[in-house]
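Shall we start at a ligand and work outwards?

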Protein chains: 2
Amino acid sequence: MLSFARVSIIGMGLIGSSLARAIRVRMPTVRLSVSDSSADVRARVEALGLADDVCDLPATAVIDAELVILCVPVGAMGAVAAEIADDLAEGAVVTDVGSVKASVLAALTAALPAHVHVVPGHPVAGTERSGPDSGFATLFEGRWCILTPQQPGPASRQLQAFWERLGAKVELMDAAHHDRVLAVTSHLPHLIAYSIVGTASDLETVTRSEVIKYSAGGFRDFTRIAASDPVMWRDVFLTNREAVLETLGRFTEDLVALQRAIRWGEGDTLEALFTRTRAIRRSIIDEGQDTEAEDFGRPHGPPAEPADEDPR
Amino acid sequence: MLSFARVSIIGMGLIGSSLARAIRVRMPTVRLSVSDSSADVRARVEALGLADDVCDLPATAVIDAELVILCVPVGAMGAVAAEIADDLAEGAVVTDVGSVKASVLAALTAALPAHVHVVPGHPVAGTERSGPDSGFATLFEGRWCILTPQQPGPASRQLQAFWERLGAKVELMDAAHHDRVLAVTSHLPHLIAYSIVGTASDLETVTRSEVIKYSAGGFRDFTRIAASDPVMWRDVFLTNREAVLETLGRFTEDLVALQRAIRWGEGDTLEALFTRTRAIRRSIIDEGQDTEAEDFGRPHGPPAEPADEDPR
Ligand SMILES: NC(=O)c1ccc[n+]([C@@H]2O[C@H](COP(=O)([O-])OP(=O)(O)OC[C@H]3O[C@@H](n4cnc5c(N)ncnc54)[C@H](OP(=O)(O)O)[C@@H]3O)[C@@H](O)[C@H]2O)c1
Ligand SMILES: NC(=O)c1ccc[n+]([C@@H]2O[C@H](COP(=O)([O-])OP(=O)(O)OC[C@H]3O[C@@H](n4cnc5c(N)ncnc54)[C@H](OP(=O)(O)O)[C@@H]3O)[C@@H](O)[C@H]2O)c1
């Protein structure tokens, strides 16, 4: 039995459109009603046939929905919740996919009526792309989705079944703990990637063209993450400030210790750390959270012809 | 016409064995004579048929060679050069593939006789794997190889033709400049990746198992780089100390500025940086230095079955 027969998605970017595609494939009988603030995106969603109804206003899209999923940047969750508050059906479950949870839990609880069930969520899956064309139906398969309800109950159990149906594995967690965990596994890595790419494009002794040519030495890996959506990530750092600063403090401390080891030529210290860090990748592969193939399975051999000038 | 008819490779790890494979494919008439300090590796190289002669001693492998390529960690170059010095043919070209160049140039020049031509080199291509089984023939195709001869001349032109034959693009550069450029595009990224993986496995509030489960949020990208060979990377940091510390200083400065922007909630500063960093990835893809596919083309969808327990 399906947990929800009528689902509404607000925000048809990478995550919203992936959800729509996954629902189409895994729950073809669900009636899907979506909205997006951009007329272009709505037209594109119509053209791709991603939903039964594509509405101009979020409030229209949520009428009658048993499940509403907010797929907008974390900083916009409160405003979107306020826009739909009056039109939500009694007993509807309202969730989201935002990368930060404590601030979203607070914003949704404040904006929404007591007759709906707020169960914040976060699928730990994504790419560096944005928009409705970048989504795909299999994005959540084998990935974890974290739910952070204030109190677990029938609504969070239904939502868990929903995500499992899409191929995800589900874990329940306190919102504040979620934010500390993701500060380590996602927010700090993004911050550092953005930072190093900024540093590298700003040097006097090494040109930008050299940075690009020799990026296969490791740098290019960081540029993928640093190509992620600027607004989404701005909001993440603004709303998960405490946990990010705390984790960043720890990282800086460790980095300074490494710096010292290099300055004093302490080869054993370096080798010991570099040996220890190998094991964790093995575990990630064994857990099915990354590909076993070397170099992420990147194609080797002659590179593809340079892409045509992007007309956008 | 082939630039070299008899080639010798010392060290049959990832890079040495990739070179051997590439030579087999692209220059099948070359007589290839190799050596490795490990008996197991030598046996494996024999079994894989990667060379015409597999010698116990480097000095045996280089007799008569017109080109000798040292494929050992940067810190071992001087000692290996001393071992082969007496057996090199008059006029032989001696090169290497080490990730640092000024220290290798000094070590080779000091150890080798005046009747050979020293032309240090560095193919900017690799993976996180080690050993003779991890190499492949196409590793250098479309990648850059940097040569840092003290003075360009016939030897460096011959070596350039050799690398181009293997599919690489070649650039000549001053050794010190190489070390500054690679500090940015390779050494700093590795240092940071090792550091963040170390930090993440050492926290009190977030368990190691949580770090692994939710690594798809970005962290897993860093674990690939941090799974690279510990000895190779120890040597890189010990021999390129100045340039690495200088670049690290710049990075830390920029990171502290970002930290401050987060602390004071300066959303515009964050968004401006995050927007600027997008362009550089586009350039890397346009230059053929990374795949166009999202998420490096990682497979999405059901993860492969967890690997069998590795018996090693
Ligand atoms: N990308 C990832 O890897 C990832 C992973 C897990 C979770 N998330 C979370 O998923 C959510 C959506 O991210 P995404 O990657 O799907 O981003 P995206 O592709 O950029 O899509 C963002 C969506 O939010 C809408 N939006 C932006 N600002 C808005 C505002 N002020 N009011 C109303 N709608 C607004 C956009 O509307 P327009 O069409 O008008 O631009 C678009 O529909 C974010 O909360 C993010 O934290 C992302
Ligand atoms: N990996 C990369 O991505 C990459 C890219 C560009 C350049 N490089 C450079 O390529 C070189 C080789 O790296 P690799 O990735 O091929 O490493 P690898 O797979 O670990 O192979 C290292 C080789 O060096 C030998 N070796 C280690 N210590 C030695 C010593 N003290 N004396 C003599 N031989 C020794 C090893 O012998 P055993 O068989 O006995 O262990 C093995 O043959 C390094 O200088 C590295 O900086 C690496």
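## Around ligand 1

Of the 28 residues around ligand 1, those that come nearest are Leu14(A), Asp36(A), Ser37(A), Val72(A) and Ser99(A); a residue counts as near if one of its heavy atoms lies within 4 Å of the molecule or strand in question. This is a predicted model, in which local features need pLDDT of at least 70 and side-chain atom pairs count only at pLDDT 80 or more, while totals for chains, interfaces and linings use all residues. Residues are numbered from 1 along each chain as its sequence is written, chains are lettered from A and ligands numbered from 1 in the order in which they are written, and side-chain values use heavy atoms, with hydrogens and water left out.

The shell around ligand 1 divides into 15 nonpolar, 11 polar and two charged residues. Here Ala, Val, Leu, Ile, Met, Phe, Trp, Tyr, Cys and Pro count as nonpolar, Asp, Glu, Lys and Arg as charged, and the others, Gly among them, as polar. Helix H1 (14-26), helix H4 (77-84) and strand S7 (121-123) of chain A each supply at least two residues of this shell. Such helices (H or I, at least four residues) and strands (E, at least two) are DSSP runs, numbered from the N terminus.

For Ser99(A), a polar side-chain atom lies 2.7 Å from a ligand 1 oxygen, and a polar backbone atom of Ile15(A) is 2.9 Å from an oxygen of ligand 1. The protein covers 77% of the 900 Å² of accessible area that ligand 1 has on its own, with areas from the Shrake-Rupley method and a 1.4 Å probe.

## Around ligand 2

Ligand 2 is surrounded by 28 residues, the closest being Leu14(B), Asp36(B), Ser37(B), Val72(B) and Ser99(B).

A polar side-chain atom of Asp36(B) lies 2.4 Å from an oxygen atom of ligand 2. Ser37(B) places a side-chain N or O atom 2.8 Å from a ligand 2 oxygen, and a polar backbone atom of Met12(B) is 3.2 Å from an oxygen of ligand 2. Taken alone, ligand 2 exposes 900 Å², and the protein buries 77% of that.

## The sheets

In chain A, an open sheet of six strands with parallel pairing has the order S3-S2-S1-S4-S5-S6; two strands pair if DSSP finds at least two bridges between them. Strand S3 (53-55) and strand S6 (117-118) of chain A stand at the edges with a single partner strand each, so one side of each has no neighbour in the sheet. Two bridges join S5 (residues 93-96) of chain A to S6(A), running parallel, and Val93(A) stands opposite His117(A).

Chain B has an open six-stranded sheet, with parallel pairing and the order S3-S2-S1-S4-S5-S6. Three bridges join S2 (residues 31-35) of chain B to S3(B), where Cys55(B) is the bridge partner of Ser35(B).

## A crossover in chain B

Strand S8 (residues 144-147) of chain B runs parallel to strand S9 (residues 169-172) of chain B, joined by four bridges. Cys145(B) has Val170(B) as its bridge partner in S9(B). From S8(B) the chain passes through helix H6 (residues 154-165) of chain B to S9(B), in a right-handed β-α-β crossover; right-handed means that, with the strands pointing away from the viewer, the path from the first strand over the helix to the second runs clockwise.

Terms used
Polar contact = N/O pair within 3.5 Å; in protein donor to acceptor, adjacent residues only side chain to side chain.
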